[in-house]
Protein chains: 2
Amino acid sequence: MTAGPAPATATGAPAVLGPDETDLLRELDAVLTGWARAAGAREILPPPVYPVSDLEKFDVYTNFPHLALVAAPLDLTDGPPRPAGGRFARADLQEPRLGLPHATCFGAYLYYEGAELAGDTLVTLVNRCFRNEDHYVPLRRLTSFQMREIVALGSFDHTQRLLADFTARITAFGAALGIGLEREAAADPFFENGGARALMSRLSPVKYEFQAGGLAIASVNTHRNFFGERCRIRLAGEPGHAFTSCVAFGLERWLAVLTDAHGSAPRALEAVREAAAALA
Amino acid sequence: MTAGPAPATATGAPAVLGPDETDLLRELDAVLTGWARAAGAREILPPPVYPVSDLEKFDVYTNFPHLALVAAPLDLTDGPPRPAGGRFARADLQEPRLGLPHATCFGAYLYYEGAELAGDTLVTLVNRCFRNEDHYVPLRRLTSFQMREIVALGSFDHTQRLLADFTARITAFGAALGIGLEREAAADPFFENGGARALMSRLSPVKYEFQAGGLAIASVNTHRNFFGERCRIRLAGEPGHAFTSCVAFGLERWLAVLTDAHGSAPRALEAVREAAAALA
């Protein structure tokens, strides 16, 4: 068999992952999901497309227009258009009403849209995420990748406990895996345009990344009540809107880092099993 | 907690699946993947976007232009465009070079593109699939859904054994689950435009669907060497191009049918476990 993962193409479309890489990604995701379940999360399952009007609620097209990809059907009025040079013309399309998400946690806020939570809530979800980048690197910077998240909704204290818990866990997991992880404060452009929130974020960082050799492979994020407000989520017995936070893992980036560190995907798979068992 | 799956929207974007539905979908998919592995398949992991030029190879834009969705970045030349009424204008977009797949198995042929297989090969893969439909029904007809497939590549006999094996398995599984499944011959528009292939398909059906109350929830498909030829896949020691076949499961449709049959997702989950154990 001579097949194997090809490099990312000029369009940024990722290669199909082979069996060893797939087994590693599945194992890693099972470990992360196991942590989430042990912390009390249940899993929900978001779609990889949303109405543009839903993503608009999160200021996606204001704060991340360069990353955005939208989906459109073909306009068949004059017969099926044919692509030329690997692309369609804009005139070949109907107007796009669907947006491809660039992060997984949107699904959690939309799931609870308009809801009153009975108590502090934890969910986990994985999605295909999409980003229009100016360059692409196999596994490390892709048009589409998988992001596993654990999302806390409810009281501010609850959202902060999740982040403290997973900061410790990610640090210990990195050490057990022999990966040097740097914890770096990062800017979160969700809050770029909000005066009070931008001030708050300068006073107290809202995002920390865990970087391996400069590559962010996980992050912990405080949103205060940004998403709670946008999706009208409330916590029973509390005034105002629910607070939220999330922990995010870029699965293909973990693959890249783990495979580099352990020499091959099967050896990295063994390392993940051993590290997870040691931490259990 | 008052949240729950909302109906499919006018754009056809699916609802986020709640915890009980997610557990059921995961369990069902684990059963199907277990069958695939027991039959000798390894899992590979395809992306939910491909270069338009890859999907062109499979005549997607000739045979299924009405179903096609393509993805485009925004054109920021004059500043970020703003959506109006939940949609962007065509002039807001760059020319799309990415296509969203409407079936999972494309990933298998692209993974083995240009390869010579050492022997008969079986892989399993799941993907998000996308279809622009003229109407939408929650779980049953969605813009985006999940399709698990098992794909055989190699000799013609190998491709037919997969289909015979899984025809028996699906039939037994349906019976164990108390779902009345009808096996119906169906047309496969992949072969619509090929003279010799179209004739062949009239003589001997290339697709059978398993329908529950008229809803196709699984299918078995013979492609002869259509995909082998398009992706230049060969089998060691054999002349010509490899043959392929696939078995496909629409996971959200199984959810709809199982939940209807058993009254709730948790009861359907128990039924799936029991049926899988009975068949093991």
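**Close-up views of a predicted two-chain model**

View 1. Gly263(A), with a positive phi near 90°, follows α8(A). The helix itself covers residues 251-262, 12 residues in total, and spans 16 Å from its first C-alpha to its last, close to the 16 Å expected at 1.5 Å a residue.

**View 2. The surroundings of α8(A).** The buried residues of this helix are Leu251(A), Glu252(A), Arg253(A), Trp254(A), Leu255(A), Ala256(A), Val257(A) and Leu258(A). Two helices of chain A, α1 (19-38) and α9 (265-279), are among the elements against which these buried residues pack. The strands β7 (144-154), β9 (207-212), β10 (215-222) and β12 (243-250) of chain A also pack against them.

**View 3. The interface between chain A and chain B.** In this view, 65 residues of chain A are in contact with 65 residues of chain B. Strand β3 (residues 69-73) of chain A supplies the largest share of the side that touches chain B, namely five residues. By class, that side of chain A holds 42 nonpolar, 13 polar and 10 charged residues.

**View 4. The pairing of β3(A) with β3(B).** The two strands, each comprising residues 69-73 of its chain, pair in the antiparallel sense over five bridges. Within this pairing, Val70(A) has Ala72(B) as its bridge partner.

View 5. The same surface serves both copies, as 100% of the contact residues of chain A recur in chain B.

How values were computed. Residues are numbered from 1 along each chain as its sequence is written. Chains are lettered from A and ligands numbered from 1 in the order in which they are written. This is a predicted model: local features need pLDDT of at least 70, side-chain atom pairs count only at pLDDT 80 or more; totals for chains, interfaces and linings use all residues. Helices (H or I, at least four residues) and strands (E, at least two) are DSSP runs, numbered from the N terminus. The expected span of a helix is 1.5 Å times one less than its number of residues. A residue is buried if 20 or more other C-beta atoms lie within 10 Å of its own, exposed if 12 or fewer, and partly exposed in between; C-beta atoms are placed from the backbone. Two residues are in contact if their C-beta atoms, placed from the backbone, lie within 7 Å. Ala, Val, Leu, Ile, Met, Phe, Trp, Tyr, Cys and Pro count as nonpolar, Asp, Glu, Lys and Arg as charged, and the others, Gly among them, as polar. Two strands pair if DSSP finds at least two bridges between them.
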